[in-house]
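Welcome! Please take a moment to look over the sequence and the model before reading on.

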Amino acid sequence: MKYTDKKAFIFDLDGVIIFTDRFHYQAWKHLADRLGIDFDESVNHRLRGISRAKSFDIILEKSNCYYSRPEKEKFIEQKNEYYKGLLKMLSPSDISREIRDTLWELKGRGYQLAIGSSSKNAKFILSRTAMTDYFDAISDGTNISRPKPDPEVFQKAAQFMNVNPHDCIVVEDAYAGIEAAKCCGMAAIGIGEASSCDKADFSIQYFSQLLDIVP
Ligand code: BG6
Ligand code: MG
């Protein structure tokens, strides 16, 4: 089956275009170790697609300490500073040829392309990897007040491109993102972990398979 009536793609960033999981893991691990909290890949796995604040609450499930809101904000900021230091290692070579060629081909076929990411570091990541110019619009953690699974980030992306939500296809690796896309009437394609999400309309294993689902 092909979507013959769509006008735009909205891509999640982390885990779809660029694989920052390892950096998030290292940065949370650094903080958790300092606070004496057990933190491993299984916890990190639950943080995919969700906000910083919610991520820290999940990490704190394994802590016996109570932290006030300002303390939590301070720790989250420390994690982010560490994370941003790691992001400086990113370069254009961190984006595969497959991803660049697929985006380029979709643009050539006339689709608008946007980013729809919960991250407040999205623009920095796009700039480090020389990806900014591939996208007609960027909706990220800096222009929303409600994180995924709320659809706000995708609705804003559609608004920025001046297209109807029903004309958009979202590509996501997180369950929260698939849920967000579906609840605002967008088509949702699952990749990576979300390829097993039963709410997704389609699953793909490789990014270039997007070229098979639209004319
Ligand atoms: C998402 C990541 O893209 O962005 C989450 O999958 C992360 O793990 C969230 O918590 C917020 O990112 P940032 O860069 O603003 O801390
Ligand atoms: Mg993601």
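Predicted model: local features only at pLDDT ≥ 70, side-chain atom pairs only at ≥ 80, totals over all residues.

A polar contact is a pair of N or O atoms within 3.5 Å.

**Ligand 1 and its surroundings**

- Where does ligand 1 sit? You will find ligand 1 in the largest pocket.
- Ligand 1 is surrounded by 14 residues, and the closest are Asp 14, Ile 50, Ser 119, Lys 120 and Asn 121.
- Gly 49 takes part through its backbone, where a polar atom is 2.8 Å from an oxygen atom of ligand 1.
- Asn 121 uses its side chain instead, with an N or O atom 2.7 Å from an oxygen atom of ligand 1.
- On its own, ligand 1 has 390 Å² of accessible area, and the protein covers 96% of that.

- Asn 121 is found in the loop between strand E2 (112–116) and helix H6.
- Is Asn 121 buried or exposed? Its relative accessibility is 7%, so Asn 121 counts as buried, because buried means under 20%.
- Apart from neighbours within four places in sequence, Asn 121 is in contact with Arg 52, Asn 80, Tyr 83, Lys 84 and Leu 87.

**Arg 128, in helix H6**

- Arg 128 belongs to helix H6, which covers residues 122–128.
- With 32% relative accessibility, Arg 128 counts as partly exposed, because this class lies between the 20% and 50% cut-offs.
- Which residues does Arg 128 touch, leaving aside its neighbours within four places in sequence? They are Leu 87, Lys 88, Leu 90, Ser 91 and Pro 92.
- Two of these contacts can be described in detail: a polar side-chain atom of Arg 128 lies 2.9 Å from the backbone oxygen of Lys 88, and the Arg 128 side chain also reaches the backbone oxygen of Leu 90 at 2.9 Å.
- Trp 104 is 24 residues from Arg 128 in sequence, and their C-alpha atoms are 19 Å apart in space.

**Helix H8 and what covers it**

- Helix H8 spans residues 175–182, and its buried residues are Ala 176, Gly 177, Ile 178, Ala 180 and Ala 181.
- The cover over these buried residues includes helix H7 (152–161), strand E4 (168–172) and strand E5 (187–190).
- As a general point for reading any α-helix, there are 3.6 residues a turn, so residues three or four places apart point the same way.

Notes:
Residues numbered from 1 in each chain as written. Chains lettered and ligands numbered in written order. Heavy atoms only, no water. Helix = DSSP H or I, 4+ residues; strand = E, 2+ residues; numbered from the N terminus. Buried < 20%, exposed > 50% of the residue type's maximum accessible area, 1.4 Å probe, protein only. Contact = heavy atoms within 4.5 Å. Polar contact = N/O pair within 3.5 Å; in protein donor to acceptor, adjacent residues only side chain to side chain. Near = heavy atom within 4 Å. Areas by Shrake-Rupley, 256 points an atom, 1.4 Å probe, with all protein chains shown as cover. 1 Å grid on protein atoms, 1.4 Å probe; cavity = no way out; pocket = protein on both sides within 12 Å on 5 of 7 lines; lining within 4 Å. Sits in = over half its atoms within 2 Å of the grid points.
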